[in-house]
Amino acid sequence: MSADLTAYRALRDALPGDCTLVAVSKFQPVEAIESLYAAGHRDFGENRVQELAAKAAGLPQDIRWHMIGRIQTNKIREFAPFVHLVHSVDRLDVLTVLQKEALRAGRVINILLQVHIAQEETKAGFSPQEVLGLCAQNVLRAYPNLRVVGLMGMASMTENRTQIRAEFAQLATLFRAAQEQLGVNQVRVLSMGMSGDYELALAEGANLIRVGSLLFGARSSK
Ligand SMILES: *Cc1c(COP(=O)(O)O)cnc(C)c1O
């Protein structure tokens, strides 16, 4: 099981130089990760803690692991010591436990606030109002071991490109507001766009995209 290196190189070449590509390796075997690693890739994303921890334990130490999936607070301890960036901080519970575990691990963890931009009840995330509230008036001082470095969002599952693009535009606007509140030096990462919609995300200013199936082929399960 190897990654599609042709697709990988084509995507790399097409991306702006300041755009980070996170290869979403969930449900993929370690061999697929190793093949991209051999091609020089270092940023990988997983959405389940068990899988993330198991893969990280057996793969090179210089991989930057991105946690992108729904977080159960009782599993945070398993990735807090090594995770590079947590994209899916979607509720206050997660902030609270993540702070505790970052302190325990003796580090500051970079996080993104996940924002609910889709017109679907099922997609997790803070509302735009909640994000502004968190960024305002030193609320984040309660979490000294966490550093909010940006925002993450997922668009609706729809064929309607206009709607998807509008949702990304909404997140980009919120991103600029967060930059105004916390400073552009701190708030740098706008994580939006996947295999099916990354071009729309880039057009709206994404500087990190999370791409799975385009690089690894279809997943056997969801
Ligand atoms: C699975 C997943 C992706 C990648 O999806 P593809 O359509 O395979 O590119 C990106 N972001 C999140 C949060 C995911 O769960």
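**A short tour of a predicted model**

Hi everyone, let's start with E167: leaving out residues up to four places away in sequence, E167 touches I117, A118, Q119, A155 and S156, where contact means heavy atoms within 4.5 Å.

A word on the ground rules. This is a predicted model, in which local features need pLDDT of at least 70 and side-chain atom pairs count only at pLDDT 80 or more, while totals for chains, interfaces and linings use all residues. Residues are numbered from 1 along each chain as its sequence is written, and side-chain values use heavy atoms, with hydrogens and water left out.

Back to E167, which is found in helix α6, residues 161–182. Helices here are DSSP runs of H or I with at least four residues, strands are runs of E with at least two, and both are numbered from the N terminus. Is E167 buried or exposed? E167 is buried, at a relative accessible area of 4%. For these labels, buried means under 20% relative accessible area, exposed over 50%, and partly exposed in between, with a 1.4 Å probe and protein chains only. The side chain of E167 reaches the backbone nitrogen of S156 at 2.7 Å, and a polar contact of 2.9 Å joins it to the side chain of Q163. A polar contact is a pair of N or O atoms within 3.5 Å; within protein, one must be able to donate a hydrogen and the other to accept it, and residues adjacent in sequence count only if both atoms are side-chain atoms.

Now to the ligand. Which residues are around it? They are V24, K26, I68, M154, M194, S195, R210, V211, G212, S213 and R219, each with a heavy atom within 4 Å of the ligand. This shell divides into five nonpolar, three polar and three charged residues. In that count, Ala, Val, Leu, Ile, Met, Phe, Trp, Tyr, Cys and Pro are nonpolar, Asp, Glu, Lys and Arg are charged, and the others, Gly among them, are polar. A ligand oxygen is 2.7 Å from an N or O atom in the side chain of K26, one is 2.5 Å from such an atom in the side chain of S195, and one is 2.8 Å from a polar backbone atom of S213. The protein covers 91% of the 390 Å² of accessible area that the ligand has on its own, by the Shrake-Rupley method with a 1.4 Å probe; for residues, only the protein chains shown count as cover.

Next, helix α3, residues 49–58, whose buried residues are V49, E51, L52, K55 and A56. Seen down the axis of α3, these fall within an arc of 160°, so they line one face of the helix; the arc is that of the directions from the helix axis to the C-beta atoms. The face turned away carries the exposed residues Q50, A54, A57 and G58. On the buried side, α3 packs against α2 (30–38), β2 (43–46) and β3 (64–67).

In α2 itself, A32, I33, S35, L36 and Y37 are buried. S25 is buried, with a relative accessible area of 0%. Beyond its neighbours within four places in sequence, S25 is in contact with I33, F44, G45, E46, E51, K55, W65 and F216.

Last stop: A142, in the loop between α5 (128–135) and β6 (146–153). At 53% relative accessibility, A142 counts as exposed.
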